[in-house]
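Work through the exercises below with the sequence and the coordinates open. Each task is followed by a solution in steps.

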Amino acid sequence: QCSWTCLVPCRRVLRDLQAGKPVKLGVLGGSISWGSAVQRGQDDWFSLVLAHLTAAFPAANVTGRNGCVPATPSSFMNMCLEQYLDEDADLVFLEYAVNDGWDSHVMKRKIYERLLRKVSYRCVSEGFCCGCC
């Protein structure tokens, strides 16, 4: 589910790509997004997205930071978000499907929601888009 407050910055990211402006992406998550079982930095899904956007928008300077940490739940990232996410990121993806997904404990869901809100707050206050909205 996506909110309207998130769609406006996402449209800005697309306009910036089309206009050839610099766009910075970020991803937070666990082993899947970090690149386990593949050649990290080349075959992980985040690197493939970066490569696709670079090819699709050659005039834009598309950069990204993979801030994922394998074998960690969202509670870890919740405590040290600033160390793994660049402040000037334009688009952020969150992935904790395995590390948080198997446990339906209420506290774990609340911790993930807290992280989601921290990242989403940056959407509104700093005008960037998170793929998690």
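A residue counts as buried under 20% relative accessible area, as exposed over 50%, and as partly exposed in between. The model used here is predicted.

**Exercise 1.** Classify E113 and R117 by accessibility, and describe the contact between them.

Solution.
- Step 1: E113 has a relative accessible area of 35%, so E113 is partly exposed.
- Step 2: For R117 the value is 57%, and R117 is therefore exposed.
- Step 3: The two residues form a salt bridge, with 2.7 Å between the closest N and O atoms.
- Step 4: E113 and R117 are four residues apart in helix 6, which means a separation of about one helical turn.

**Exercise 2.** Locate R114, state whether R114 is buried, partly exposed or exposed, and give the distance from R114 to S74.

Solution.
- Step 1: Helix 6, which spans residues 106-126, contains R114.
- Step 2: The relative accessible area of R114 is 45%, so R114 is partly exposed.
- Step 3: In sequence, R114 and S74 are 40 residues apart; in space, their C-alpha atoms are 9.1 Å apart.

**Exercise 3.** How many salt bridges does the structure hold, and which residues are linked in a network with D86?

Solution.
- Step 1: There are six salt bridges in the structure.
- Step 2: K24 pairs with D86, and the closest N and O atoms of this salt bridge are 3.5 Å apart.
- Step 3: K24 belongs to strand 1 (residues 23-29), while D86 sits in the loop between helix 5 (81-84) and strand 3 (91-95), so this pair ties together parts that are 62 residues apart in sequence.
- Step 4: D86 also meets R65 in a salt bridge, at 2.7 Å from N to O.
- Step 5: R65 lies in strand 2 (residues 62-66) and D86 in the loop between helix 5 and strand 3, so the parts tied together by this pair are 21 residues apart in sequence.
- Step 6: A network of salt bridges links K24, R65, D86 and D88.

**Exercise 4.** Are R65 and D86 buried, partly exposed or exposed?

Solution.
- Step 1: R65 has a relative accessibility of 29%, so R65 counts as partly exposed.
- Step 2: D86 has a relative accessibility of 21%. The cut-off for buried is under 20%, so D86 counts as partly exposed.

Definitions and conventions
Residues are numbered from 1 along each chain as its sequence is written. This is a predicted model: local features need pLDDT of at least 70, side-chain atom pairs count only at pLDDT 80 or more; totals for chains, interfaces and linings use all residues. Side-chain values use heavy atoms; hydrogens and water are left out. Helices (H or I, at least four residues) and strands (E, at least two) are DSSP runs, numbered from the N terminus. Buried means under 20% relative accessible area, exposed over 50%, partly exposed in between (1.4 Å probe, protein chains only). A salt bridge is a side-chain nitrogen of Lys or Arg within 4 Å of a carboxyl oxygen of Asp or Glu.
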